[in-house]
Amino acid sequence: MNATTASLAGSNIKVTQLRVIHSEWIKFSTIKSTKYTLGFTALAVIAMGVLLAAFSTSLMGPGAENAAADPTGTSLAGVSIAQLILGILGALLITNEYSTGMIRASLTAVPSRLPVLWAKVIVFGTVSFVVMLVAVLISFVGGQALYDGAGGPASLSDPGVFRALVASAFFPAAIAIMGMALGALMRQTAAAIGVLFGVLFLAPVIFSLLGQWIGDLSFYLPSSAGQAMGATMTLPGMLSPLMGLVVTVGWMAALLGGAAYVLKRRDA
Amino acid sequence: MIEVNDLTKRYGDHLAVDSLSFVVQPGAVTGFLGPNGAGKSTTMRLILGLDRPTRGSTRVNGLPYQEHKAPMREIGALLEAKAVHPSRPARDHLRALAATTGISTKRVDEVLELVGLTDVASKSSGGFSLGMGQRLGIASALLGDPRTVMLDEPVNGLDPEGILWIRNLLKKLADEGRTVFVSSHLMTEMALMAERFVVIGKGRLIADVSAAELAALTKQNTVRVRCPQASQLRYLLQADGVEILSIGSDVLEVTGLTAEQVGTLAWGDNLCLQELTPIKASLEDIFLELTHDAVEYHGTAGTGGDLATTGGRA
């Protein structure tokens, strides 16, 4: 080995946030199972949306009221499954680094630590959003073409439809990021996924049981905020789509803040 | 250069590193020695900023590690525990690490070539043998062509050829003027590669010395004597603090007397000496003696302190 190798010449050798993002992209794109899982998620969203739309009449009978009233929602039926998968995948992307020891290599290369967390969030958040947006659009376009429910198919230009589609891509990406934050907070796959499940599925149930006392608080849970953001039909008491976005971003920011604090302070 | 200053790390009740201070200078291979659990790996994690010290500080090439703009350029480290995602191909693992600092893919291929992993670069590291894993770890340590190289138990799992390769590589890196800091719990291996030794036990510094100084630290002086009248000689040499071992009918190994003393005594009694050889304690023996004292140091205060020659450094 030469003392100063040509490939390392120049003073431009230093850590930058952009480079750490590039590094995380390489990490992300070189694990096959991650790519397969994402592909499967997109397929599930498309298949469920298109099939439900195509069979909306035969499933529910001609003129079935729900399908007739909410053709867009029918096409988005697969999104809740995508939330779950992406949330788990997000948690795994972080906890895997701890279980394999890769985190030590990552933090040795970037000892200021936080750029690694931001880069992971940016890479996986963006990838999740883009994959979901494509899946949701295909699902919508394909589903509406086959839609035979009474009242006719929806169109992208109908009020609220475009917003609902974008929100249906954004919210799973937000859950993916919350999964990553929980992964960084817990460092263990089972714990992170457990808490994610609790917040997404258990909390709404508990809140509805306690409904008497805590009233409308349940509408501020992430799952309800996500529903509000992507709603194609308004239910009583639900937050407005804009408030849904605000609450979702609030949850994301709070969890990420906690994750950043823990990553910075705790021994790796 | 690595500077460790009053470094202390407590995990709950366990004091893993205790007021440790030493300096690792460039241009030589420095061995970091201590029994298992002495705190070597913890010290290295603290130097890399992976763990936060309870007290004290560390510097790499003059700055705390976290403050360097291109950390991989300053220190290349191989930690004992694996730090690789098993499903990621080796080359991609290195590419990801290199990307953080703007190090080119060309350099990735150079280090793969250097450690001899070019042929398996596209295979995922999960299927690597222990030795191949070590080579991949060393490749990642060398990515930034760092001024300081720090390896934790690098010969673990390597075959004899691999050990020889590591030994030559580290010597070469030191000859190029780099700081090379290598831990091991095996003195025999270290004795072949290192010029300086930092010895710790129970998280405390025992010795920070050159190889020659380390040899001088031993309290044991053994002399091998061949004499036809071995039993007479044995009688003559008996004294407090002298240990005599008979080897065969005419050979004694005498501990506690110098060759000069044995020769003079024998001459005084007209005994014929056919051989008189001072036997140097191996570095391994010295290491065991030193670390044994370190263990006792905690039980009965006072012993072992005389062996710590930390003056003038740190």
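In chain A, A:V199, A:L200 and A:P204 of helix α10 meet A:P222, A:S223 and A:S224 of helix α12; two residues are in contact when their C-beta atoms, placed from the backbone, lie within 7 Å. Helices here are DSSP runs of H or I with at least four residues, strands are runs of E with at least two, and both are numbered from the N terminus. This is a predicted model, where local features need pLDDT of at least 70 and side-chain atom pairs count only at pLDDT 80 or more, while totals for chains, interfaces and linings use all residues. Residues are numbered from 1 along each chain as its sequence is written, and chains are lettered from A and ligands numbered from 1 in the order in which they are written.

**The meeting of α10 and α12 in chain A**

- Two packed helices are described by the angle between their axes and the distance between the axes.
- The axes of α10 (residues 189-209) and α12 (residues 222-229) of chain A come within 8 Å and cross at roughly 95°; axes are lines fitted to C-alpha atoms, for helices over the stretch in contact, and angles run from 0 to 180 degrees between N-to-C directions.
- α10(A) and α12(A) are therefore roughly perpendicular to each other, a label for angles of 65 to 115 degrees, whereas under 35 counts as roughly parallel, over 145 as roughly antiparallel and the rest as oblique.
- The residues of this contact between α10(A) and α12(A) divide into four nonpolar, two polar and no charged. Here Ala, Val, Leu, Ile, Met, Phe, Trp, Tyr, Cys and Pro count as nonpolar, Asp, Glu, Lys and Arg as charged, and the others, Gly among them, as polar.

**Chain A as a whole**

- Chain A has 13 helices and zero strands.
- Of its 268 residues, 47% count as buried; that takes 20 or more other C-beta atoms within 10 Å of a residue's own, while 12 or fewer makes it exposed and anything in between partly exposed, with C-beta atoms placed from the backbone.
- Among contacts in chain A with a separation of 6 or more, 76% are between residues 24 or more positions apart.
- A:V141 sits in helix α8 (residues 114-146) of chain A, and A:V141 is partly exposed because 15 other C-beta atoms lie within 10 Å.
- A:V141 and A:L156 are 15 residues apart along the chain, and their C-alpha atoms are separated by 8.6 Å.

**Where the chains touch**

- The contact takes 34 residues from chain A and 40 residues from chain B.
- On the side of chain A that touches chain B, two or more residues each come from α1 (17-29), α2 (32-54), α6 (79-100) and α7 (102-109) of chain A.
- By class, that side of chain A has 15 nonpolar, 13 polar and six charged residues.

**Chain B as a whole**

- Chain B has eleven helices and 13 strands.
- Its C-alpha atoms fill a box of roughly 75 × 45 × 35 Å, taken along the principal axes.
- Buried residues make up 44% of the 314 residues in chain B.

**Helix α6 of chain B**

- The 16 residues of α6(B) (residues 160-175) should span 22 Å at 1.5 Å a residue, and the end C-alpha atoms are 23 Å apart, which agrees. The expected span is 1.5 Å times one less than the number of residues.
- Its buried residues are B:I166, B:L169, B:L170, B:L173 and B:A174. They cover an arc of only 130° around the axis, which puts them on the same side of α6(B); the arc is that of the directions from the helix axis to the C-beta atoms.
- The face turned away from the buried side of α6(B) carries the exposed residues B:P160, B:E161 and B:N168.
- Cover for the buried residues of α6(B) includes β3 (29-33), β6 (148-152), β7 (179-184) and α7 (187-193) of chain B.

**Loop residues in chain B**

- Most residues other than glycine have a negative phi, and most peptide bonds are trans.
- B:N61 is not a glycine, although its phi is positive, about 50°. B:N61 is placed in the loop between β4 (55-60) and α2 (71-74) of chain B, and counts as partly exposed with 17 C-beta neighbours inside 10 Å.
- B:E153, also a residue other than glycine, has a positive phi near 50°. B:E153 lies in the loop between β6 and α6 of chain B and is buried, with 20 other C-beta atoms within 10 Å.
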